[in-house]
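Let's take a friendly walk through this structure together. Have the sequence and the 3D view at hand as you read.

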Amino acid sequence: MSFSIKKQGDIVVVDVEGQLIVGNRQELKQKVLDELERGEKKFLIDFAQTGYIDSSGLGVLVSLSKKIREQGGELRLANLNDDLKTLFELTKLDTLFQIADTRERALSSF
Amino acid sequence: MPASPPSDAGLRVSLHLDIPSDVDYIERVVELVRHPCAELAYTQRQLALNVPVALSEALSNAILKGNGEDPRKRVSIHADVDACRLVVEISDEGAAFDLQAHTRDATAPENLEREDGRGLFLMQKLMDAVERVTDRPGNVIRMTLARA
């Protein structure tokens, strides 16, 4: 499991490889918060290479979304597979996040 | 004519695992339990969502809440998998708790933006049954999932 961060234009793109779970969620949170502190405002988290997400992973996404909004920024998600979509639907988090089917659509939606 | 492979009907896999109170073990336990489920043709959805997420939740609860991440305390996992169902029991050394009283509706408007509180909710949504086993010491949670 790992996270990679790169910039595409003025958007910070985070790829989540493997699981987003209790054991690594703080690493993701810290990486995004570091970018927020540097003044970045637009964030995209891409789940194309993600296995499963547990409740603490979902919790970190909720927390990051709030913190980014508080700083006047935006967080969007992309590439949830059918199982991850179901997870977001079960928790109604699909109503809280802007979720795009592809990275390209997410990038162009900012 | 080649013999047809034996049916899964009579096959049963039992696993007993014992881990320290460390969340870094969760992924390995999930893989060890998921593997026989895959062998027994549980659906892709069950292998990618129901089993890993519900099991991760139960293990995090046992490690973080039950045992308070105390390195002297252990979590044990017993899984029975056959072609009909997965039954997995997770035991920690913490005090027993009321499962229903601690489960809150994570989809209620007042809870939607909370960072915590989705673990037990997801276990109940993703498994056919989640219950506390009361006839044994410590805190034991049993989860059952029928093969779809």
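How many residues of chain B are in contact with how many residues of chain A? In this predicted model, 22 residues of chain B touch 20 residues of chain A. On the chain B side, the elements giving two or more residues are helix H1 (26–39), helix H2 (44–66) and helix H4 (119–126) of chain B. The largest share, eight residues, comes from H2(B). Sorted by class, this side of chain B has nine nonpolar, four polar and nine charged residues.

Now for a helix pair inside chain A. The axes of helix H1 (residues 25–37) and helix H2 (residues 55–70) of chain A come within 9 Å and cross at roughly 10 degrees. Angles under 35 degrees count as roughly parallel, so H1(A) is roughly parallel to H2(A). H1(A) makes the contact with A:Arg25, A:Leu28, A:Lys29, A:Val32, A:Leu33 and A:Leu36, and H2(A) with A:Ser56, A:Gly57, A:Val60, A:Ser63, A:Leu64, A:Lys67 and A:Ile68. The residues of this contact divide into seven nonpolar, three polar and three charged.

A:Asn79 counts as buried because it has 21 C-beta neighbours inside 10 Å, whereas A:Lys92 is partly exposed, with 15 other C-beta atoms within 10 Å.

Note on methods
Residues numbered from 1 in each chain as written. Chains lettered and ligands numbered in written order. Predicted model: local features only at pLDDT ≥ 70, side-chain atom pairs only at ≥ 80, totals over all residues. Axes fitted to C-alpha atoms, helices over the stretch in contact; angles between N-to-C directions. Helix = DSSP H or I, 4+ residues; strand = E, 2+ residues; numbered from the N terminus. Parallel < 35°, antiparallel > 145°, perpendicular 65-115°, else oblique. Contact = placed C-beta atoms within 7 Å. Nonpolar A, V, L, I, M, F, W, Y, C, P; charged D, E, K, R; others polar. Buried ≥ 20, exposed ≤ 12 C-beta atoms within 10 Å, placed from the backbone.
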